[in-house]
Structure formats: C-alpha cells, structure tokens
Amino acid sequence: MPLIPTTPAPNEIHQLQLDQLDAFLRESELILAAWNIYSDQHTDLDGWPYDDDAYGLRAAQRDADTADAFEAVREQAHQLLATAEIQLASLPARAVQNRWVWQLGTLRDALARLDALHDEWLQTLDSLPADTRPGTEVFDDALAAHHAEAWSSLDDWATHGHIIRDIHAAARNAPSALAPAPTTTAASVPGRHSPARR
C-alpha cells in the first residue's frame with residue numbers, strides 16, 4: 001500500500017523556518033568574519049584600501065554571498081516575523097527583553113527594504129537587453145549594484161535575526177496560559193526555597 005504524504009504540522013513548518021534562519025545566521029557570520037580579515041589586511045591605518053578595484057571586487061563578493069545565504073530565508077521571513085510578534089505579545093512582561101520590540105522593528109524595516117529592492121531588481125531585469133545573461137558585464141554590474149544596495153538590510157538580519165529564535169525559546173519556556181497561577185502560600189511551605197534569581 002503506497003504511503004500517503006502528510007502535510008507537516010504548523011509547529012514542524014515553523015521549526016524548519018527557524019532552522020533555515022539559523023543556517024543563514026551561521027553562514028553570514030562566516031562571511032562577515034572573512035570580510036573583516038580581508039579588510040584589515042588590505043587597508044591602511046586610516047581604513048583606506050591599498051587597491052580600490054580589488055577591494056571593491058571583494059566587497060561585491062561579500063554582498064553576493066550574503067544575498068545568496070539569505071535566499072533560503074527570504075520567502076519565510078514574513079512568516080517568521082509574524083510568528084515572533086504573536087509570541088512576543090503573549091509573553092509575560094518579565095520574560096521579555098526590552099530590546100526585542102525595536103529589534104523586531106529593525107528586521108521588519110529591513111525586510112520591507114529588501115522586498116522593495118527585489119521588485120526594483122525584477123524591473124531592472126525587464127529593462128536589460130534581451131540577450132543579457134549572467135556573466136555579461138551589463139548583467140553582472142547591475143546585479144552587483146543590486147547586492148550592494150541590499151547588503152545593509154541583509155546585515156540587519158544577520159545582526160538581529162537571532163532574536164526570532166530567542167523569542168521562540170522564551171515562548172516555549174513561558175508558563176502555559178492554562179496553568180494555574182502560583183499561589184502565595186506555595187513559597188511558605190516548609191522545606192521549600194525560592195530559586196535564586198539570575
């Protein structure tokens with residue numbers, strides 16, 4: 001009897017999305033570390049490149065690599081943000097880090113810019129000559145310019161994206177709304193000690 005494919009449960013889908021985000025965060029960290037090493041070795045004490053052309057090409061490679069790494073996350077990014085916002089709203093105040101709200105705002109703004117830049121890139125592709133292909137100077141220059149514009153928004157995701165995982169962890173560890181609230185007498189039971197605050 002053939003196996004009937006099953007649709008993953010919402011929590012399984014969300015876990016896959018979180019795993020893709022984690023992969024992007026790891027990869028972007030490696031890309032940035034490699035860039036920092038290159039930049040340190042190829043600039044003077046004032047930060048000016050020894051070779052502008054080579055430095056520009058290496059920066060373009062950083063931009064392209066970061067964009068490629070984010071591609072697996074891009075389609076899920078809106079859902080990841082929406083879920084994190086719902087989770088954050090349901091958390092008790094004591095479980096919330098003050099910075100999470102503005103970090104989510106930073107991610108939301110960065111994603112809006114990336115969406116707009118993606119639309120612009122599609123328009124750019126439509127405007128290129130019909131015979132323009134990857135590997136041609138016209139195409140590669142246009143793509144490099146697109147990646148350069150997108151890089152700061154991608155860097156926002158690389159810098160702050162981990163808070164989506166942090167909010168998810170806090171939501172999983174938070175007491176269930178269905179659980180009874182702790183009573184004041186529980187702390188006075190002999191032999192019990194309140195856990196130390198961290």
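In which helix does L117 lie? L117 belongs to helix α4, residues 99–127. The notes below start with the model and return to this residue.

1. **Basis.** This is a predicted model: local features need pLDDT of at least 70, side-chain atom pairs count only at pLDDT 80 or more, and totals for chains, interfaces and linings use all residues. Residues are numbered from 1 along each chain as its sequence is written, and side-chain values use heavy atoms, with hydrogens and water left out.

2. **Confidence.** pLDDT is the predictor's confidence in each residue, from 0 to 100. Its mean for the protein is 86. A value of 70 or more is reached by 84% of the residues. Residues 177–198 have pLDDT below 50. That stretch has two contacts in the model beyond near neighbours in sequence. Contact here means heavy atoms within 4.5 Å.

3. **Elements.** The protein has six helices and zero strands. From the N terminus the order is α-α-α-α-α-α. Both kinds of element are DSSP runs, numbered from the N terminus: helices are H or I with at least four residues, strands are E with at least two.

4. **Burial and surface.** The protein has 198 residues, and 31% of them count as buried. Buried means under 20% relative accessible area, exposed over 50%, and partly exposed in between (1.4 Å probe, protein chains only). The accessible surface is about 13,500 Å², with 56% belonging to carbon and sulfur atoms. These areas come from the Shrake-Rupley method with a 1.4 Å probe; for residues, only the protein chains shown count as cover.

5. **Sequence range of contacts.** Take the contacts between residues at least 6 apart in sequence. Of these, 74% join residues at least 24 apart.

6. **α1 against α5.** Helix α1 (residues 10–41) packs on helix α5 (residues 137–160) at about 115 degrees, with the axes 9 Å apart. Axes are lines fitted to C-alpha atoms, for helices over the stretch in contact; angles run from 0 to 180 degrees between N-to-C directions. From α1 come L21, F24, L25, S28 and L32; from α5 come W151, L154, D155, W157 and A158. By class, that is eight nonpolar, one polar and one charged residues. Ala, Val, Leu, Ile, Met, Phe, Trp, Tyr, Cys and Pro count as nonpolar, Asp, Glu, Lys and Arg as charged, and the others, Gly among them, as polar.

7. **L117.** Why does L117 count as buried? Because its relative accessibility is 10%. Leaving aside neighbours within four places in sequence, L117 contacts H146, E149 and A150. L117 and H147 are 30 residues apart along the chain, with 9.2 Å between their C-alpha atoms.

8. **H78.** This residue sits in helix α3. H78 counts as partly exposed because its relative accessibility is 44%. Not counting residues up to four places away in sequence, H78 touches L111 and D115. The C-alpha atoms of H78 and L111 are separated by 7.9 Å, across 33 residues of chain.

9. **A89.** Helix α3, residues 77–90, also holds A89. A89 counts as exposed, because its relative accessibility is 68%. A89 and A171 are 82 residues apart in sequence and 9.8 Å apart in space, C-alpha to C-alpha.
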